[in-house]
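Please read the points below alongside the model. They cover helix packing, the sheet, and a few single residues.

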Amino acid sequence: MNKTYCPSLTEYKRRVSRVVNIGGLPMGGDFPIRVQSMTTVDTMDTMGSVEQTLRMVAAGCEYVRITAPSMKEAQNLLEIKKELRKRGCNVPLIADIHFTPNAAELAARIVEKVRVNPGNYADKKKFEEIEYTDATYAAEVERIRERFRPLVKICKEHGTAMRIGTNHGSLSDRILSRYGDTPLGMVESALEFLRLCEEENYYDVVLSMKASNTQVMVQAYRLLVQKLDEEGLQPYPLHLGVTEAGEAEDGRIKSAVGIGTLLEDGLGDTVRVSLTEAPEAEAPVARMLIDRYTGRAATARPIAPLGGEVPINPFQYFRRHTHEVANFGGQNVPRVITSIARLPHVEYADLRAVGHLYSPFLDKFQMADHGADYVFSGERPVPFMLPNGLKEIVTYSAWRDAGSRPHHFPVLTAAGYMEEVPRHPQLNFLLLSLDALDAALLRQLRQDTTVVLVLHTTNTHAMPELRRAFFELMKHDITCPVVIARSFADQPLEQTQLDAATDVGGLLIDGLGDGVVLGVELLSNRSHEEWLDTVSGLNQLSFGILQAARTRMSKTEYISCPSCGRTLFDLQETTAMIRKRTDHLKGIKIGIMGCIVNGPGEMADADYGYVGVGKGKISLYRGQEVIKKSVPEEAAVDELIELMREDGRWIEKEVVEEPVGA
């Protein structure tokens, strides 16, 4: 298979796209990767929209998108623009259009760019399966082209740019009937519109392939680049985003897994991070993701280029084939190893930092959603018996000096591994980097059924070097499980979240990795509590990355859209309320959507949905089927829980209570 989606798999090289000028601020080519976001105020509230736009620009937004669901909002974009220009703010404005071609045609005469969604611009989404013959399909495509053509001509005439933005959750019934719910369907949905743009000699186009499922999103963008190349279409710039990423830490991790993976591939010309928070909170996160690549090419060590065929399919998820070692590899979920080696001492209560909660009153441990599978204690083994299920990894010298205990597992270096030394009979860890993978080591690994590799790197271009190591193992048919190890500088946790989610998540999305261990090179003058907070943060981050990459679902997932001018309730408040009641459920996905535009389609793979349908009215979904319509908002969360109860998926929250004064 031809795999030309990426300029290079082994060096940082940004894809050279066509330049599109948007209100005097060009995107693509050699221009910097741009940051954008979207207002949440009602578009008819002119002053509210202006004030929010000014806050967004102050936070780092270079383009501002505003929803225009009907003609009246499209017309009011003119008032918003006038007021902004009067205040000296020249930020390019983008109109966000769904369902209403006439609103798009009006907006295109006012703002610098319009965004259309091919899934619902003159196309239909009724969740119906329709049998099309080639002739009826072609006739339907032609009907949509004729509805779309006037907008293209208006944009061309007024120098207005356009984003053709496919969303995974709002593919039309027609596309779904032919291509299914797939990345190929997403790409084809955009290309139908793009081909008409080229016929009209209109090239001021930006493309996006958004999804809340990070695997689907990454595959769709890669496939889009490949298809543009195959068809001889222009290399249009890409707008990157994960739809409905959610809030707080989860939203940031999920955004980084999707967006960061593509930035590592050299793809992307503008970024929007969709958080269920105030829009001014989004731009700094986008900027942190982008800034990792400023000067990357100059600081990265060269990585040996790839010889022969790329051993993975970048357009479809397949997990690397491995044999099982203890509970690593094979059919096992990726494991979490959390380092406690820097803790000055370890007591029962300290294991809360790795998700194992000790109750002195009951004298027992309870495992949280993020209970680590292994702890690495380094040179100082934990001085007590670990709770059931939690296992311990120590350095080789500590393992040997402690009498080679059966419940301790040693870590060897590459040099130590090549020597004939005593080993654990079931499980040994081997810490190595790409440069250690020589012929002799590879030969020995091929026949070792007890080793789990721990791959690490100090290269600035970390993810590609680790990926290159995986490719080397695959080329030589080495099927040992591999734990991905990353260590970061002493930096704010939020930066580490984004860096780790990019480096580790980018590998997991391609089916590479059977575990994760994260570290930070912290200063030594930290208190015991500060160390515990750090350990806890890294432990939760490991689970968050596995969940965001869809490789281990350990907690409830909330697919919540960013607030926008269409939202019918307070999304942040509602998401927090639903999370409070349901966050103990493992592996259930709940979609929380502010309106029907971001409704059942956008939460395409959610188990349950909570969708605003009117002021104070909520519809509840099981999958994509509406089960309860127009439920009063105050009763909606109880009704949602009742629906889960009917399906046998509800469990009561377990509370370990301790007596007063215990």
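1. Axes are lines fitted to C-alpha atoms, for helices over the stretch in contact, and the angles run from 0 to 180 degrees between N-to-C directions. Helices (H or I, at least four residues) and strands (E, at least two) are DSSP runs, numbered from the N terminus.

2. On provenance, this is a predicted model, in which local features need pLDDT of at least 70 and side-chain atom pairs count only at pLDDT 80 or more, while totals for chains, interfaces and linings use all residues. Residues are numbered from 1 along each chain as its sequence is written, and side-chain values use heavy atoms, with hydrogens and water left out.

3. Helix H4 (residues 134-158) and H6 cross at roughly 55°, and their axes come within 10 Å. The two helices are therefore oblique to each other. Their crossing is right-handed; that term applies when the near helix is turned clockwise from the far one by less than a right angle, and left-handed when it is turned anticlockwise. On the H4 side the contact (heavy atoms within 4.5 Å) is made by Tyr-137, Val-141, Ile-144, Arg-145, Phe-148, Arg-149 and Val-152, and on the H6 side by Glu-192, Phe-193, Leu-196, Cys-197 and Glu-199. By class, the residues of this contact are 8 nonpolar, no polar and 4 charged. The classes are nonpolar for Ala, Val, Leu, Ile, Met, Phe, Trp, Tyr, Cys and Pro, charged for Asp, Glu, Lys and Arg, and polar for the others, Gly among them.

4. Helix H1 (residues 46-58) packs against helix H2 (residues 71-86) at an angle of about 50°, with the axes 9 Å apart. That makes H1 oblique to H2, and H1 passes H2 in a right-handed crossing. H1 contributes Thr-46, Met-47, Ser-49, Val-50, Thr-53 and Leu-54, which meet Asn-76, Glu-79, Ile-80, Glu-83 and Leu-84 of H2. The residues here divide into 5 nonpolar, 4 polar and 2 charged.

5. What is the strand order of the open sheet? The sheet has 8 strands in the order S8-S7-S6-S5-S4-S3-S10-S9, with parallel pairing. Two strands pair if DSSP finds at least two bridges between them. S8 and strand S9 (239-240) are the edge strands, each pairing on one side only. Strand S4 (residues 63-67) and strand S5 (residues 93-97) run parallel and are joined by 4 bridges; Arg-65 has Ile-94 in S5 as its bridge partner. Helix H6 (residues 183-199) packs on the sheet, touching S7 and S8, and its direction makes about 155° with that of S7.

6. How many residues of strand S7 (residues 161-167) are buried? The count is 7 of its 7 residues, where buried means under 20% relative accessible area, exposed over 50%, and partly exposed in between (1.4 Å probe, protein chains only). Strand S6 (residues 113-116) runs parallel to S7 and is joined to it by 4 bridges, with Arg-115 partnered by Arg-163. S7 also pairs in the parallel sense with strand S8 (residues 205-210) over 6 bridges; there Gly-165 is partnered by Ser-208.

7. Helix H9 (residues 282-291) is mostly covered, with 7 of its 10 residues buried. These are Glu-282, Ala-283, Val-285, Ala-286, Met-288, Leu-289 and Ile-290. Their cover includes strand S3 (34-38), helix H8 (248-264), strand S10 (270-271) and helix H15 (493-508).

8. Thr-457 is found in the loop between strand S18 (451-455) and helix H14 (462-475). Is Thr-457 buried or exposed? Thr-457 is buried, at a relative accessible area of 8%. Not counting residues up to four places away in sequence, Thr-457 touches Arg-301, Ala-462, Glu-465, Leu-466 and Arg-486.

9. Two non-glycine residues with positive phi deserve a look. Asn-201, in the loop between H6 and S8, has a phi of about 55° and counts as partly exposed at 47% relative accessibility. Arg-550, in the loop between helix H16 (528-548) and strand S21 (557-560), has a phi of about 65° and counts as buried at 16%.

Technical notes
Angles under 35 degrees count as roughly parallel, over 145 as roughly antiparallel, 65 to 115 as roughly perpendicular and the rest as oblique.
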